[in-house]
Amino acid sequence: MAVISEARPARRRLPRRILISQSLIQIFLLGMVVVAIFPFIWMIFASLKPFKELVESRALLPETWTLRNYEEILGRVNFVAAFRNSIVSAVSVTVVSVFTSSVMGYIFSKYRFVGKEILFTIILSTMMVPFAVIMVPLYITIANSFGLADHLGGIIITGFYTAFGIFLMRQFMESIPFELIDAARIDGASEWRIFFTLVLPMSLSPMSALAVFVYLFNWDSFLWPLIVLNSQDNQTLPLVLAGLRNLWWTRYEMWAAGSMLTVVPVMAIYAFASRYFIRGIAMTGLKA
Amino acid sequence: MTSIADGSGASGRAETMGAWFVVKKTLRKPQFWFGFTMIVPLLIWYWIFSFWPIIQAFRMSTVAYKLLDPANSPFVGIGNFLKISQHPLFLVSVKNTILWAVYSFIFHLPLAMLIAVFLSKVRRGRNVYQALIFVPVVVSLVAVSLLFKMLMDPEVGQLNKLLSGVGLPELQWLSSSSSALPTAVIIATWKGLGFYVVILTAGMMNIPSELYDAALVDGTNPWQQFWRITMPLMGHTILLITVLLAIGSLQEFTLPTVLFGSEGGPGNSTYLYNMLIYQEAFLDIRFGTATAASLLQFAFILAISVLQIKLIRPSWSY
């Protein structure tokens with residue numbers, strides 16, 4: 001072991017010019033990082049300050065640390081229900097649409113049937129239609145035909161398929177060789193088995209990318225839940241949080257506490273899985 | 001297994017027994033049933049939640065929609081389109097929306113490019129920087145709106161305390177009709193930038209480093225490398241980003257609504273087109289004019305996207 005580490009050449013000194021440019025780049029990126037995360041750090045401490053201190057003090061850290069804001073907000077607003085609603089809708093939409101996208105990506109890339117390309121083109125072109133165009137007819141359908149007005153199901157059912165997801169998965173599955181699938185067919189595997197034990201395991205990385213994408217989009221979704229969900233107990237986090245503005249006009253310590261309650265759980269996940277988030281977004285950009 | 005064995009032997013008989021046999025053969029293929037059970041739900045879902053609403057939107061835009069008796073809504077032709085164009089806030093919202101999109105481009109593109117260039121060049125800590133710059137993307141937009149409304153409060157906000165602390169004049173930020181819109185776009189940029197940075201960085205890391213080595217041998221400076229290598233080879237990524245940015249910013253709704261309420265900022269200065277559609281549809285309950293307004297938006301976004309593709313699309317591909 002010692003021999004190997006001695007044998008390794010001493011770390012080469014970088015040329016002076018590169019050293020300077022690298023330092024400048026580091027300083028610039030560090031500045032960007034500060035801009036990106038400092039507002040949160042301020043908010044963390046703001047949520048622990050009493051109102052008077054929040055509006056008067058310039059200091060970042062609280063003089064009097066308090067958890068009263070959290071007590072008051074949890075006593076007045078049903079954050080637990082909002083949280084549950086957000087998780088249920090975002091997770092079920094993500095699970096279902098990642099599955100449907102994978103299946104349809106597989107079928108559109110490996111199957112031949114009449115009207116395949118036309119169907120695919122039509123589905124893709126629905127992506128061009130702004131949401132505002134369908135929101136009124138869609139609401140009427142959800143409310144009248146399905147009876148899902150003010151119901152979480154109205155949010156979930158409209159997210160079962162995503163044209164973008166089908167497109168992304170098809171792009172990827174074009175690269176799976178036909179021979180592999182044919183070989184499995186000759187070995188007598190059923191189509192279900194081929195899909196679940198051969199195609200899906202090969203597609204895990206675009207699937208996780210798509211999952212991140214769909215999850216972020218749905219977790220943050222505002223307009224459609226605003227239309228469908230009216231009563232507070234059925235609302236998702238973004239709606240309940242936006243409601244704080246009217247509930248406590250300019251009581252900033254409550255805003256900070258409420259925002260923290262919605263931000264912290266996501267950030268906790270992000271702290272461990274940031275790699276997958278970024279790879280997911282990067283991959284969608286490269287594939288699309 | 002059986003279907004394959006049957007299929008090879010049956011091909012000769014298929015000619016004599018005609019079309020019925022071909023159908024029967026297809027039905028026996030396992031691929032058929034797998035495809036069938038997957039495609040049928042897709043067709044049903046797309047019909048109910050996508051195609052039918054789009055068709056309905058075109059129909060609704062031509063009638064004075066009666067909420068209680070929709071089947072008997074009287075036909076008004078292009079009446080809804082005329083009505084929405086005469087709405088007192090129509091021109092204001094169109095102007096604000098275009099301004100919002102223009103500011104979005106100005107604030108997003110150069111900064112995202114700059115950060116991406118530096119991220120692709122930095123030798124240490126790229127992943128950490130990228131992860132931290134991406135943080136605002138993960139946070140709920142509503143929380144971001146509240147956060148910046150606090151920071152930008154003209155009287156008690158931290159930003160003005162900071163400005164006066166270093167002897168600069170305090171700003172009105174979101175509270176004056178002249179600065180509210182650009183300030184709101186700055187917030188949107190802060191929240192969205194990481195997304196574009198990640199896509200651009202991935203594109204830049206994809207450019208083969210031999211090209212830069214060769215350019216270095218030829219004695220080029222970083223400025224020339226950026227304009228002669230990076231920009232031309234990033235054509236497809238840049239096209240994707242500009243299209244996404246245009247589509248997104250022309251449909252902005254959440255940020256101005258949470259920041260200012262549904263009336264949109266001091267003196268309607270941040271009242272955007274999507275807020276007009278929302279107000280028509282769900283506050284004033286005029287479904288006909290609302291869908292007419294949304295179709296105008298559709299046409300406009302389509303035209304802008306086609307224009308961008310015509311202008312930016314590179315003539316080559318990888």
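In this predicted model, the C-alpha centres of domain 1 and domain 2 of chain B lie 44 Å apart. Domain 1 covers residues 2–60, and domain 2 covers residues 83–312.

**Overall form of chain B**
- Chain B contains 16 helices and 0 strands.
- The radius of gyration of chain B is 27 Å, whereas a compact globule of 318 residues would have a value near 20 Å.
- Along the principal axes, the C-alpha atoms of chain B fill a box of roughly 95 × 70 × 35 Å.
- Buried residues make up 37% of the 318 residues of chain B.
- When contacts in chain B between residues at least 6 apart in sequence are considered, 63% of them join residues at least 24 apart.

**Annotated transmembrane regions**
- An unreviewed UniProt entry gives the annotation "transmembrane region" to several spans of chain B, including residues 32–55 and 98–119.
- Residues 32–55 of chain B are 100% helix, and the end C-alpha atoms of this span lie 30 Å apart.
- Residues 98–119 of chain B are also 100% helix, with end C-alpha atoms 31 Å apart.

- B:Asn274 belongs to helix 15 of chain B, which comprises residues 273–283.
- B:Asn274 is buried because 25 other C-beta atoms lie within 10 Å, and the cut-off for a buried residue is 20 or more.
- Not counting residues up to four places away in sequence, B:Asn274 touches A:Ala132, B:Gln251, B:Glu252 and B:Phe253.
- B:Glu252 is 22 residues from B:Asn274 in sequence, and their C-alpha atoms are 6.7 Å apart in space.

Key
Residues numbered from 1 in each chain as written. Chains lettered and ligands numbered in written order. Predicted model: local features only at pLDDT ≥ 70, side-chain atom pairs only at ≥ 80, totals over all residues. Helix = DSSP H or I, 4+ residues; strand = E, 2+ residues; numbered from the N terminus. Buried ≥ 20, exposed ≤ 12 C-beta atoms within 10 Å, placed from the backbone. Contact = placed C-beta atoms within 7 Å. UniProt positions renumbered as here; feature names shortened; annotations may be inferred. Domains from an automatic or database assignment. Rg over C-alpha atoms; globule rule 2.2 N^0.38 Å.
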